[in-house]
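Subject: Structure for you to look over

Dear colleague,

I am handing over the structure below, together with notes on what was found in it. Please keep the model open while you read.

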Amino acid sequence: MTLLHQFKLQLLIVLCITSAHSIFGQQKKQPITHAKWLIGSWKNQSAKTVDIETWKKLNDSTFIGRSYSLTGADTVSSEHIRMEQHKGKLYYIPTVKNQNGGKAVTFTLTSSNNKHLVFENPEHDFPQKITYTQITNDSLVAEISGTRKGRQKAIQFPMKRVK
């Protein structure tokens with residue numbers, strides 16, 4: 001093998017390692033990619049209410065969501081949600097009508113994989129934890145949990161994809 005061939009081979013190896021490092025490093029820095037399965041509309045129908053949650057991709061670092069509950073024709077709760085990635089961290093930021101003085105509350109991603117997202121804010125009254133778990137491509141379970149009035153409480157919302 002000539003010196004030129006050795007140099008080309010070494011250069012190719014360095015380029016491959018650098019590219020792999022860049023790709024894997026970028027995936028590590030992009031936790032919002034773990035949430036892409038949320039994009040779309042979801043529905044939970046119980047005996048009393050219909051819950052609708054819709055997610056759209058605003059850009060590579062922000063998803064926007066809207067969630068509301070209906071009892072008959074009346075909207076009984078409504079919230080706007082931003083899922084934002086900043087400096088390698090992912091935040092879930094809901095603004096709930098008639099709660100927290102109309103101000104957004106920030107929850108930080110504490111655990112994730114391609115089918116499971118856990119956001120937490122231990123300082124919030126309730127919930128302190130918001131979890132999304134993908135069951136199938138067309139179903140998920142959202143859960144809010146934490147301590148309320150000194151007791152552990154968890155409320156699950158099994159949802160089916162609408163579109």
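Which residue takes a positive phi in the hairpin of β3 and β4? The residue is G72, with a phi near 65°, in a hairpin that has 2 residues between the strands.

Some conventions come before the rest. The model is predicted, so local features need pLDDT of at least 70 and side-chain atom pairs count only at pLDDT 80 or more, whereas totals for chains, interfaces and linings use all residues. Residues are numbered from 1 along each chain as its sequence is written, and side-chain values use heavy atoms, with hydrogens and water left out.

Overall picture

The chain holds 1 helix and 10 strands, where helices (H or I, at least four residues) and strands (E, at least two) are DSSP runs numbered from the N terminus. Read from the N terminus, their order is α-β-β-β-β-β-β-β-β-β-β. Of the 163 residues, 33% count as buried, a term that stands for under 20% relative accessible area, with exposed meaning over 50% and partly exposed what falls in between (1.4 Å probe, protein chains only). The accessible surface of the chain comes to about 10900 Å², and carbon and sulfur atoms account for 56% of that area; such areas come from the Shrake-Rupley method with a 1.4 Å probe, and for residues only the protein chains shown count as cover. Of the contacts (heavy atoms within 4.5 Å) between residues at least 6 apart in sequence, 28% join residues at least 24 apart.

Strand pairing and N59

Strands pair here if DSSP finds at least two bridges between them. Strand β2 (residues 50-59) runs antiparallel to strand β3 (residues 62-71), to which 9 bridges join it, and the two form a hairpin with 2 residues between them. Strand β3 is in turn joined to β4 by 10 bridges, again in an antiparallel arrangement, and within that pairing L70 has T75 in β4 as its bridge partner.

N59 is found in strand β2, and its bridge partner in β3 is T62. With a relative accessible area of 34%, N59 is partly exposed. Its side chain reaches the backbone nitrogen of T62 at 2.9 Å, and a polar atom of that side chain lies 2.8 Å from the backbone nitrogen of S61. Both are polar contacts, which are pairs of N or O atoms within 3.5 Å; within protein, one atom must be able to donate a hydrogen and the other to accept it, and residues adjacent in sequence count only if both atoms are side-chain atoms.

The core and its aromatic rings

Apart from neighbours within four places in sequence, L38 is in contact with W55, M83, L117, Y132 and L140.

The aromatic pairs number 5, counting rings of Phe, Tyr and Trp (its six-membered ring) whose centres lie within 6.5 Å, with planes under 30 degrees apart called stacked, over 60 edge-to-face and the rest tilted. The rings of W55 and Y92 have centres 6.1 Å apart and planes at 50°, so this pair is tilted. Since W55 lies in strand β2 and Y92 in strand β5, the pair ties together parts that are 37 residues apart in sequence. W55 is buried at a relative accessible area of 1%, and Y92 is buried at 3%. The rings of Y92 and F119, with centres 5.2 Å apart and planes at 40°, also make a tilted pair. W55, Y92, F107, F119 and Y132 form one aromatic cluster.

Two residues of β8

Q134 is found in strand β8 and counts as buried at 10% relative accessibility, while its side chain reaches the backbone oxygen of T136 at 3.4 Å. T131 also lies in strand β8 and is buried, with a relative accessible area of 9%.

Best regards
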